[in-house]
Amino acid sequence: MDATMINPFITATKNVLETMAFISCKPGKPFVKKEDIARGDVTGVIGITGAANGTIAITFEEACILQIVSNMFGEKMTKIDHEVADAVGELTNMISGQARKELEALGKLFDAAIPSVVSGKGHTITHYTDGPKIAIPFKTEDGGFLIEVCLEKTVD
Amino acid sequence: MDTSIKVLVVDDFATMRRILKNILKQLGFTNITEADDGTSAFEELKKNNFDLIISDWNMPKMTGLELLKRVRSDDALKEIPFLMVTAEAQKQNVIEAVQAGVSNYVVKPFTAEAISEKLQKILG
Ligand SMILES: [Mg+2]
């Protein structure tokens, strides 16, 4: 998967977190992730279909997501409960929407399903296809998160 | 802008309903009802008189676009202003919503100012 497929996810993520949570994040170097174990404590997963089929997962460290959701609600969140999990789902939805908008500008059309959320230390992330998992790590002042993009084939 | 009007906020995620309600309250709206998909929203609309619908697009059971079409083809509801607030930002989405009679369109993520501006345009 080339950078033109990855960059829309980086831009989308920065845009969503800055606009909805007033949080800036720094992307690190993308890598191929081999294992299914999540690096974070709560993960949003969304299926996409179209130019290629696959899944996008966004997994957050606890401190990071608590700060993000606290900012979104204007209220201090102290643990990963159903409200925080719900917010992870909606963040996943927004990031997928923004990324798909940018991919459209490159002539690649995608539709997305409704996101689901998994949480707990060391949970696994199930991608719907067995293509390579391209992971993009991000850092914020309050910890990190990771985006995984897994598509069944190269998009042409 | 008359903030005493009755508003229906429709989204399948409680997070988004909460954010929209926070913004509406800041703007002075107090009469806000929530629904979590198009089907329950339509039931609400049949029970009570609403003056504004703010709806998501991508929801289970009935999508926001289907809700919009139902509202616009219902004699009792068709005049209600309908603001779509959605992560669906591709050109085709906007065209479909406009063709279905949407009053205005906000793409997620959004600022409170963006919502306020669109409401000013719709409600005057
Ligand atoms: Mg939705």
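Reader: Which residues does N93(B) touch, not counting residues up to four places away in sequence?

Author: With those neighbours set aside, N93(B) touches W57(B), E88(B) and Y105(B), where contact means heavy atoms within 4.5 Å. This is a predicted model, in which local features need pLDDT of at least 70 and side-chain atom pairs count only at pLDDT 80 or more, while totals for chains, interfaces and linings use all residues. Residues are numbered from 1 along each chain as its sequence is written, chains are lettered from A and ligands numbered from 1 in the order in which they are written, and side-chain values use heavy atoms, with hydrogens and water left out.

Reader: Why is N93(B) called buried, and where is its place in chain B?

Author: Buried means under 20% relative accessible area, exposed over 50%, and partly exposed in between (1.4 Å probe, protein chains only). N93(B) has a relative accessible area of 10%, and therefore counts as buried. Its place is in helix α4 (residues 91-99) of chain B; helices (H or I, at least four residues) and strands (E, at least two) are DSSP runs, numbered from the N terminus.

Reader: What makes A57(A) count as buried, and which residues is A57(A) in contact with beyond its neighbours within four places in sequence?

Author: The relative accessibility of A57(A) is 1%, so A57(A) counts as buried. This residue lies in strand β4 (residues 54-60) of chain A, and, leaving those neighbours aside, its contacts are T43(A), G44(A), V45(A), I125(A), H127(A), L146(A), I147(A) and E148(A). By comparison along the chain, V69(A) is 12 residues apart from A57(A), with 18 Å separating their C-alpha atoms.

Reader: What makes K33(A) and E148(A) a salt bridge?

Author: A salt bridge is a side-chain nitrogen of Lys or Arg within 4 Å of a carboxyl oxygen of Asp or Glu. The side chains of K33(A) and E148(A) meet at 2.8 Å, N to O, in a salt bridge. K33(A) lies in strand β2 (residues 31-33) and E148(A) in strand β8 (residues 143-151), both of chain A, so the pair ties together parts that are 115 residues apart in sequence. K33(A) is buried, and E148(A) is buried as well.

Reader: How do you know whether K121(A) and D41(A), which meet in a salt bridge, are buried or exposed?

Author: Their side chains meet at 2.8 Å, N to O. K121(A) has a relative accessible area of 68% and is therefore exposed, whereas D41(A), at 12% relative accessibility, counts as buried.

Reader: How many salt bridges are there between chain A and chain B, and why does the pair of R18(B) and E83(A) join two chains?

Author: The count between chain A and chain B is 4 salt bridges. R18(B) and E83(A) meet in one at 2.9 Å, N to O. R18(B) lies in helix α1 (residues 14-26) of chain B and E83(A) in helix α3 of chain A, so the pair joins two chains. At 18% relative accessibility R18(B) counts as buried, while E83(A), with a relative accessible area of 31%, is partly exposed. Salt bridges that share partners also join E90(A), D11(B), D56(B) and K108(B) into one network.

Reader: How much area do chain A and chain B bury between them?

Author: Buried area is the accessible area (1.4 Å probe) that two parts lose on being put together, summed over both. Chain A and chain B bury about 2000 Å² between them, with 53% of it on carbon and sulfur atoms. Of the area that chain A buries against chain B, F73(A), E90(A) and I114(A) supply 27%, more than any other three residues. In terms of contact, 25 residues of chain A meet 23 residues of chain B.
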